[in-house]
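Here is a short report on one protein chain. Look at the structure first, then read on.

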Amino acid sequence: MKKMVPLFLLALLLITGCDLSGVTVTTTSELPLINSFSADPSTISAGASSSLNWTVRGATTVSIDQGIGNVALTGPRAVSPAATTTYTLTASNAAGSTTATTQVIISGAAPPPPATGTLPVINSFTASSTSIIFGGSTTLTWSVSNATSITIDNGIGAVGSTGSVTVSPATSTTYTLTASNTTGLQILSVTVLVSAAPAAGIPDLVITDIVRSGDTITYTITNQGDAAAAPSISTLKVDGVVVANDNVGSMAPGESRTEIFAGYAYSCSLPGDALVAKADNGGVVIEGSEANNEYTKSWSCLVIVGPMFTLKPDLVIEDIWKVSEITGDKIYYKIKNEGSVASGTSTTALYIYPCIVPCPPKATDSVPSIAAGASITQKFATYNYTGAGFSVGVKADYDEAIDESDDGNNSLSKPEADL
């Protein structure tokens with residue numbers, strides 16, 4: 001019966017006369033794949049034209065910037081830019097978005113200089129997966145505007161204004177992108193957590209998150225082993241200096257809890273801080289792996305250059321789950337402000353996939369202002385979830401009312417079976 005559902009949807013679209021060009025119904029949680037995106041020729045004289053060519057798989061929407069807009073999954077598009085131009089193709093589905101860039105160069109023309117008096121803008125800096133198994137890989141993707149120099153640490157070095165690179169860190173690693181021009185700089189980091197399957201019959205303590213709320217630092221510690229862990233001590237370092245310890249009680253197999261570094265008042269220092277929380281400091285607990293005890297998280301503080309400053313909220317969806325209530329099944333979600341200031345009130349949207357593009361939300365939820373670093377739990381109270389879909393997606397700041405430091409990380413989706 002399940003095999004008949006995609007055929008029924010396709011037949012329904014054909015009967016109602018919908019244009020299927022560029023529309024793909026996908027039931028996977030994998031990101032879209034951009035097989036190719038190029039310009040032919042890549043260098044032209046002023047007034048001439050070039051052909052953009054692309055092939056995409058597994059996307060529900062495909063778009064190209066510079067005024068082109070939504071396009072089909074494959075195709076050419078003729079362009080005649082007046083100056084050297086970089087085109088960005090964005091392929092999206094329920095799991096997220098993938099980008100690729102290509103450039104059309106006008107012979108004899110120099111790229112336009114950054115606007116004077118304004119800071120660089122980091123439009124996005126993300127990892128395709130922020131949690132990988134040892135030996136695996138993830139793809140870092142970025143988009144930066146108005147910068148003369150862009151670098152990523154941990155051996156990557158200087159990069160272009162847009163692009164992606166695949167990394168395979170051996171341990172949990174924080175990658176920091178620094179964009180600068182004559183006015184100042186902007187910094188944004190993303191952490192990739194590397195874990196390994198714990199040995200059988202042994203506890204294994206890992207830190208999975210660090211959160212700030214005002215001057216308070218909390219962290220999440222998990223025993224991912226299959227045996228109980230004895231009491232231990234966790235340590236917090238800020239920029240390499242030990243600033244606090246926390247006594248952790250014994251933990252059952254699979255148990256996860258939020259702990260606080262009590263008595264420590266955190267104060268952010270310019271231009272930003274790197275915090276490292278380490279489980280089982282001193283090695284009291286015999287674990288399946290001693291190499292995965294540390295977790296690093298970095299964030300920017302207030303960046304001041306003369307009278308200029310940058311201070312913004314950043315809303316992300318951390319989790320989605322289903323709760324059976326008397327009035328019906330409800331979709332709950334956890335939303336967090338990873339930015340530097342309170343977010344203000346916003347609207348979150350609920351999506352049920354697959355759906356036909358443009359995909360309207362099934363319900364919306366009003367979210368109160370969230371303090372910097374804080375998380376809250378919300379639900380779509382007026383909507384009863386029936387399970388009639390392959391996956392569920394939740395998007396923070398649905399109507400883009402909040403001026404965020406990163407608008408590319410607002411969405412999260414989960415398969416129906418994982419709710």
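## The chain at a glance

How many helices and strands are there in the chain? There are 1 helix and 32 strands. Helices (H or I, at least four residues) and strands (E, at least two) are DSSP runs, numbered from the N terminus.

This is a predicted model, where local features need pLDDT of at least 70, side-chain atom pairs count only at pLDDT 80 or more, and totals for chains, interfaces and linings use all residues. Residues are numbered from 1 along each chain as its sequence is written, and side-chain values use heavy atoms, with hydrogens and water left out.

The chain has 419 residues, and 40% of them are buried. Buried means under 20% relative accessible area, exposed over 50%, and partly exposed in between (1.4 Å probe, protein chains only). The chain exposes about 20000 Å². Carbon and sulfur atoms supply 56% of that area. Accessible areas come from the Shrake-Rupley method with a 1.4 Å probe; for residues, only the protein chains shown count as cover.

Now take contacts, meaning heavy atoms within 4.5 Å. Among contacts with a separation of 6 or more, 61% join residues 24 or more positions apart.

## Two nonpolar cores

In soluble globular proteins, nonpolar side chains tend to be buried together. A nonpolar core is a set of buried Ala, Val, Leu, Ile, Met, Phe, Trp, Tyr and Cys residues joined through side-chain atoms within 4.5 Å.

The largest core has 22 residues. Within this core, I217, I221, L236 and L275 touch the most other members. Several strands each supply at least two of its residues, including β17 (205-213), β18 (216-223) and β19 (232-238).

What does L236 touch? Not counting residues up to four places away in sequence, L236 touches I217, V241, V242, V243, A244, F261, Y264, L275 and V276.

## A sheet of three strands

An open sheet has the order β9-β11-β14, with antiparallel pairing. Two strands pair if DSSP finds at least two bridges between them. β9 (121-127) and β14 (162-167) stand at the edges with a single partner strand each, so one side of each has no neighbour in the sheet.

β11 (residues 138-145) and β14 share 6 bridges.

## A covered strand

Is β31 (residues 391-395) mostly covered or mostly exposed? β31 is mostly covered, with 4 of its 5 residues buried. β31 runs antiparallel to β28 (residues 346-353), with 5 bridges. There, Y353 has S391 as its bridge partner. Another 5 bridges join β31 to β32 (residues 411-415), also antiparallel. K395 has its bridge partner, S411, in β32.
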